There are 2 protein chains.
Amino acid sequence: MAFYERQTKGFVNIDPLQTGGRLSEDAKRVLVEWGDGYSVCDFCTGSLFEIKTPPIRTFVSKLLPEFLGTEYSRITNGAREAKYAVMHALRGKGEEWIVMDGNAHYSSYVAAERAGYRIALVENSEYPEFRVTPERFAEVLDDVAKRGNVRLALITYPDGNYGNLPDVRKIARICESYDVPLLVNGAYAVGRMPVSLKELGGNFIVGSGHKSMASAGPVGVLGFNEDFADRITRKSERYRNKEIEFLGCTARGVAVMTLMASFDYVARRVKRWDEEVEKARWFSRKMEDLGMIQLGEKPHNHDLMFFEAPPLYEISKKAKDGRFFLYRELKKRRIHGIKPGLTRHFKLSTYGLTRDELRYVLDSFEEIINKYSG
Amino acid sequence: MAFYERQTKGFVNIDPLQTGGRLSEDAKRVLVEWGDGYSVCDFCTGSLFEIKTPPIRTFVSKLLPEFLGTEYSRITNGAREAKYAVMHALRGKGEEWIVMDGNAHYSSYVAAERAGYRIALVENSEYPEFRVTPERFAEVLDDVAKRGNVRLALITYPDGNYGNLPDVRKIARICESYDVPLLVNGAYAVGRMPVSLKELGGNFIVGSGHKSMASAGPVGVLGFNEDFADRITRKSERYRNKEIEFLGCTARGVAVMTLMASFDYVARRVKRWDEEVEKARWFSRKMEDLGMIQLGEKPHNHDLMFFEAPPLYEISKKAKDGRFFLYRELKKRRIHGIKPGLTRHFKLSTYGLTRDELRYVLDSFEEIINKYSG
């Protein structure tokens, strides 16, 4: 009756949004088992984070914080909801600033707007690397701190455009020296690569289940330590076991269950991160052999990469479909992930794809370039 | 490896949280098809509500508002998140009040705390009906309006303890006369019974996908009209297609897809609401034949019912397991939904269960009472 087919099924999907969120086999099985709406609440005693059957409590109080390198964790409806929870919990009265890197995801910005902050952006180093440096972070922080009350800082690790991994250790020390807590947005890190707040520094870490932890959407994770635990887990005055920033309970149902089911798989795959980086660098070199230019940090340290593609851009000026030629050519070849109309600049991700799949992508680019240049 | 089994599988589940959230067959199919994290974002152009493939845009801009009797709709991460979005969007500066019925769900209260409101509760009529009357609503509203600035009112339709359906039409007119917008929390109505904000009155209606719309969790719906559209859909200053109260996008992935897949099924089932009410009343009479007392409105108008159970309470005083005897006896009979330890008072729901299943529940209660009385 009302079945919707996913049109990209069976495609090689290089969309950075998609490569880390593909379900594990275990997650596919729990999908059906826990599909019904409030399934996880069969044995609830008042808080999602305290449910013992299924073992959400153990996951939230032990497994997840260990994985994040924090003392506490919470499951949220997504990374953006986790960021907003922190921003809102810390927000005081009057004018307050948040300082964030200029490569921040739009949802960090929107969450800060929702929480009523004034926002200062630390601009990146621009073409070709677009780096956010600790030095520039310090300058902006210092400047804003002189003019106003800085309540929070945020750094994106890595960012979702260039896949750059800023030096969070240094930035955390800088923030500490200004007594400004730091939130690390690891939506493209947690679940893909080893990441520990303990090692990085900073006060909060946020991850995305559907983006990088092989989970059904929407679900996110938040790690934090004792110093901010009271603020983050503040209870309702009337309902003493309900946490205000999480409106009592967050990712009820299949979202949390796929996150938990994929956890072993995810914990194993982050240990193979070196292979992923090596594969990304190999792919980047091959793309450059075709005349593309990889922007962002080089050599690159993440599967998410941004390319400038002069050969494709030149073709778009003359092709019958104009700038849509690339999308159509890739679609014909069952490759998905570069937005329709993009040719000059685009991002993609090599995460979790085999070398054969990536070779197929590279060969396809070459074939397309040759076809239109011929 | 990491498979979690649902222990209540195959049980007759009378937990009010569970009866309206069981997936339709169509929803079960899309679960697997759209399980991967950001699956619905394959063809995104910047906003969840504008996605054409799958047809989320049509659902949000046409089907869902028609169903809710509103001009606009949004999909949220749950009913509580929808309530918070409205409360936060309307919240001004300084001290502001929200007036809500005393039968309100805890999440309404917690959402209001999070949004920084002072909260006035309209107490119910107490034992045995626990009704929230328009008269009392008017009194409290009038009283608070004299003392402070009332920004919003909320009515729970029906509430989650007694399944009472207050007279929203009258309450909406009262709120209008005070120029106070009214939010109708229909988490136990939308998707179970016919409900239209246009007919009820009020300014916002909220529903729950996982509670009452046969959807995987978490997902909610929000309906509203032109008068508050600008406030609710306020855009980011920097990212012009991102709505602040929804942090850009909400229920991405399988949550929205099960909601959409179940929509036809849900739209059909609300038309059979009369049968559900009749079945609930029949069940209530049979329970009373066993010595239980149905509290709340009588005759009852909803599948969610609250019972006082003197025969079971008497047994609990002497049984070996004490007050846990009932849970164990029901578990033995593969009946789930009354919390462990409850005997004197409990709620349950008859929604979507067959008469045969409900007869089995009734026979089980009778058998248990006889066993311990013998």
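Let me start with a definition: the bend at a residue is the angle between two axes, one fitted to the seven residues ending there and one to the seven starting there.

First, the ground rules. This is a predicted model, where local features need pLDDT of at least 70 and side-chain atom pairs count only at pLDDT 80 or more, while totals for chains, interfaces and linings use all residues. Residues are numbered from 1 along each chain as its sequence is written, chains are lettered from A and ligands numbered from 1 in the order in which they are written, and side-chain values use heavy atoms, with hydrogens and water left out.

Now helix H3 of chain A, residues 56-68. Helices here are DSSP runs of H or I with at least four residues, strands are runs of E with at least two, and both are numbered from the N terminus. H3(A) has a kink of about 25° at A:Lys62, shortly before the proline A:Pro65. Which residues of H3(A) are buried? They are A:Ile56, A:Phe59, A:Val60, A:Leu64, A:Pro65, A:Phe67 and A:Leu68. Buried means under 20% relative accessible area, exposed means over 50%, and partly exposed is in between (1.4 Å probe, protein chains only). The cover over those buried residues includes strand S2 (72-76), strand S7 (204-208) and H12 of chain A. After H3(A) comes A:Gly69, with a positive phi near 70°.

Most residues other than glycine have a negative phi, and most peptide bonds are trans. Chain A has exceptions in the loop between strand S4 (118-122) and helix H6 (134-147), where A:Glu126 is found. A:Glu126 is not a glycine, yet its phi is positive, about 65°. A:Glu126 is exposed, at 55% relative accessibility. A:Phe130 is in the loop between S4 and H6 too. Its phi is near 55°, also positive. But A:Phe130 is buried, at 12%.

Over to chain B for cis peptide bonds. One joins B:Tyr127 and B:Pro128, with omega about 5°. B:Pro128 sits in the loop between S4 and H6 of chain B. Another runs from B:Gly217 to B:Pro218, with omega near -5°. B:Pro218 is in the loop between helix H9 (209-212) and strand S8 (220-224) of chain B.

Staying in chain B, look at B:Asn225. Is B:Asn225 buried or exposed? Buried, with a relative accessible area of 19%. B:Asn225 lies in the loop between S8 and helix H10 (226-232). Its side chain reaches the backbone nitrogen of B:Glu71 at 2.8 Å.

Last, the interface. Contact means heavy atoms within 4.5 Å. On that rule, 81 residues of chain A are in contact with 81 residues of chain B. How much area do the two chains bury between them? About 7,400 Å², 56% of it on carbon and sulfur atoms. Buried area is the accessible area (1.4 Å probe) lost on putting two parts together, summed over both.

Salt bridges between the chains number 10. The rule is a side-chain nitrogen of Lys or Arg within 4 Å of a carboxyl oxygen of Asp or Glu. B:Arg6 forms a salt bridge with A:Asp36, and their closest N and O atoms are 3.4 Å apart. On the side of chain A that touches chain B, the elements giving two or more residues include helix H4 (79-90) and helix H5 (106-114). H5(A) gives the most, with seven residues.

Terms used:
A polar contact is a pair of N or O atoms within 3.5 Å; within protein, one must be able to donate a hydrogen and the other to accept it, and residues adjacent in sequence count only if both atoms are side-chain atoms.
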